Amino acid sequence: MQPLSRRNALLLGGLGVAGTAVGAAGLAWTLTSRTPPVTGAALTHPAELRSAGGTLALELEAARGPMQLAGRPATALGYNGGSPGPTLRLRAGDVLRIRLRNRLAEPTNLHVHGLHVSPQGNGDNVFVAVEPGASFDYEYRLPADHPPGVYWYHPHHHGMVADQIFGGLFGAIVVEDADPLPAAMDRVLVVSDTDLDPAGNVRGVPPAERMAGREGGLVLVNGQSNPLISALPGQRERWRMVNACVARYLRLQLDGQSTQLLAIDSGRFQSPAPVHEVLLAPGNRADLLVTTVAGESVLRAAYYDRGSMPGMMGRGPAGGDTTGPRRGVALATLQVSGEPAAGPAALPSLPAPADLRRVTVAARRQFLLAAGMSPGAMGGAGAGMMAFTINGREFDAARTDTTVAAGSVEEWTVINTSPMDHPFHLHVWPMQLVSVNGDSPALPAWQDVVNVPANGRVTVRVAFKDFTGKSAYHCHILDHEDLGMMGVLEVR
Ligand code: C2O
Ligand code: CU
Ligand code: CU
């Protein structure tokens, strides 16, 4: 039943886009593939590597090669032969050492998204480039009070980020709780999207889709299409969800189950509240507690309208499904049956999150996110391309856009002047939400990606503590980041 409705949704989405002149290549997988994704297979998890004695040391080899995607043979990018790459399980205070080997035909590098670690030297330094055939030794030192939660790693070489993630380069990082929360299962669910041509290769993406932010028609959880999760009734499961899609928003719903939201990104709530749906912008994570109820439930990414530029066409085979049924995508199916398990143990009391809303700020800044016609749009180089800017400028690694005094608290207002949403991401330092379009959250909310709605504004506060050095902020629609919507921050 699920496979059929999912395929119909894809086909309808694809046909909807066909009427709007998206490049035919974008429809290749949907309309000509003779091997539809395998759905309903038991969920698998990426290999897990755990730190011991305060250290985790590993090699990550980035390479193009054969692997299974959606249960079918594919040729894609992976770390250590798989997509997602291995899940890294760490503790606060650990040292993480990664030797990145680049077996790609182009430069790459590594970013540990959301980790509060130094951006300098061989730390979380996105200005490092690792050339084909070369390797680089990263070292990340997590502070002793690093927040527990789910994070992720991915390439960050400017101009190639979207292609390399769409190709399959990403993996999860878990920082364990000092006192584990009682749960029958602790699952990492990495959601990604891509498109494969009939030969199983990841397709190329034309400029119009880059400007919109590409959405792949093949939406995967841990590399599988709508896998099956089996559980006993009355158990608490912990689902750590990562939105590793280049541009796709995930409006998560799990009808028929009792779901609580423990955290978004590193922002743990003091009391996990029941939720009906959770919106994850690209880059966001959700830490969910699911108390199982007998029956079958579909974990769904419901349709979300993130806007578009006037005259701008499709996002990919399924993304521009405004004329389709808008029924969204089935990510996974949860089947709960059997003898009810003993009810889950009570959650330990959780610490109250920090709250910067009443402190004195050292500076207030504005960041203007804009998507407009580039100077070359009337002819010549760049014709037909739009410029994606922050405060009127495209990214330049050699320019420092924002200088902040180490140790200070600042208030940043991010203003979106375009008719599409942009998810604003800051490296190293988490942001506390102060307001979204004038509305303030009831409880302290800490995120490293905050969605700035179309023609809207978001205000955040940031404590620039613990580290100095150069880092970045950008739109986490990674096509927009590659097109220039990124700035350099220096804390000193
Ligand atoms: Cu997940 Cu600068 O990115
Ligand atoms: Cu990041
Ligand atoms: Cu954007």
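**Entry 1: pockets**

A pocket here is an open set of grid points with protein on both sides within 12 Å along at least five of seven lines. I work on a predicted model throughout.

I count 26 residues in its lining, and I264, F269, L433, A445 and Q447 lie nearest the centre. Which strands supply at least two residues each to this lining? I find β15 (258-264), β16 (267-274), β17 (277-280), β26 (431-436) and β28 (449-452). I note that β16 gives the most, with four residues. By class I get 19 nonpolar, five polar and two charged residues in the lining of this second largest pocket.

Then I turned to the largest pocket. I read a volume of about 820 Å³ for it. Its lining holds 28 residues, and D145, H146, P147, P148 and S266 are the closest to its centre. I sorted that lining by class: 16 nonpolar, six polar and six charged.

**Entry 2: cavities**

I searched the whole structure for cavities of 30 Å³ or more and found three. I followed up the second largest cavity, which has a volume of about 80 Å³. The lining comprises 15 residues, with L69, S83, G168, S192 and T194 nearest the centre. Helix α3 and strand β10 (185-194) each supply at least two residues of the lining of this cavity. I class the lining of the second largest cavity as eight nonpolar, six polar and one charged.

**Entry 3: D421**

I went to the loop between β24 (409-416) and β25 (422-426), where D421 sits. Is D421 buried or exposed, and what is the nearest side chain of opposite charge? I find D421 buried, and without a salt bridge. R306 is the nearest side chain of opposite charge, at 7.6 Å. The cut-off for a salt bridge is 4 Å from nitrogen to carboxyl oxygen.

I then asked what the D421 side chain does contact. I find a polar contact of 2.9 Å between the side chains of D421 and N451. I also note the backbone nitrogen of A454, 2.9 Å from a polar atom of the D421 side chain.

**Entry 4: salt bridges**

Side chains of opposite charge can pair when their charged atoms come close. I count 33 salt bridges in the structure. I took three of them one by one.

I began with R214 and D163, whose side chains meet in a salt bridge at 2.8 Å, N to O. Why does this pair tie together parts that are 51 residues apart in sequence? I see R214 in the loop between α4 (207-212) and β11 (218-221) and D163 in helix α3 (residues 161-167), so the pair ties those parts together. R214 counts as buried because its relative accessible area is 0%. D163 is partly exposed, at 31%.

Next I checked R461 and E411. The closest N and O atoms of this salt bridge are 2.8 Å apart. I place R461 in strand β29 (residues 457-463) and E411 in strand β24, 50 residues apart, and the pair links distant parts of the chain. I find R461 buried, with a relative accessible area of 7%. E411 is buried too, at 12%. The cut-off for buried is under 20%.

D401 is partly exposed, with a relative accessible area of 23%. R393 is partly exposed at 39%.

I also asked which residues are linked in a network of salt bridges. I find E48, R50, R89, E176, D177, D186, R238, R240, R268 and D287 linked in that way.

**Entry 5: V246**

V246 counts as buried because its relative accessibility is 0%. How many residues apart in sequence are V246 and D479? I get 233 residues in sequence, against 7.1 Å in space, C-alpha to C-alpha.

Definitions and conventions. Residues numbered from 1 in each chain as written. Chains lettered and ligands numbered in written order. Predicted model: local features only at pLDDT ≥ 70, side-chain atom pairs only at ≥ 80, totals over all residues. Heavy atoms only, no water. 1 Å grid on protein atoms, 1.4 Å probe; cavity = no way out; pocket = protein on both sides within 12 Å on 5 of 7 lines; lining within 4 Å. Points joined across faces, edges and corners; volume = space filled by probe spheres on them. Nonpolar A, V, L, I, M, F, W, Y, C, P; charged D, E, K, R; others polar. Buried < 20%, exposed > 50% of the residue type's maximum accessible area, 1.4 Å probe, protein only. Lys, Arg positive; Asp, Glu negative; His and termini not counted. Polar contact = N/O pair within 3.5 Å; in protein donor to acceptor, adjacent residues only side chain to side chain.
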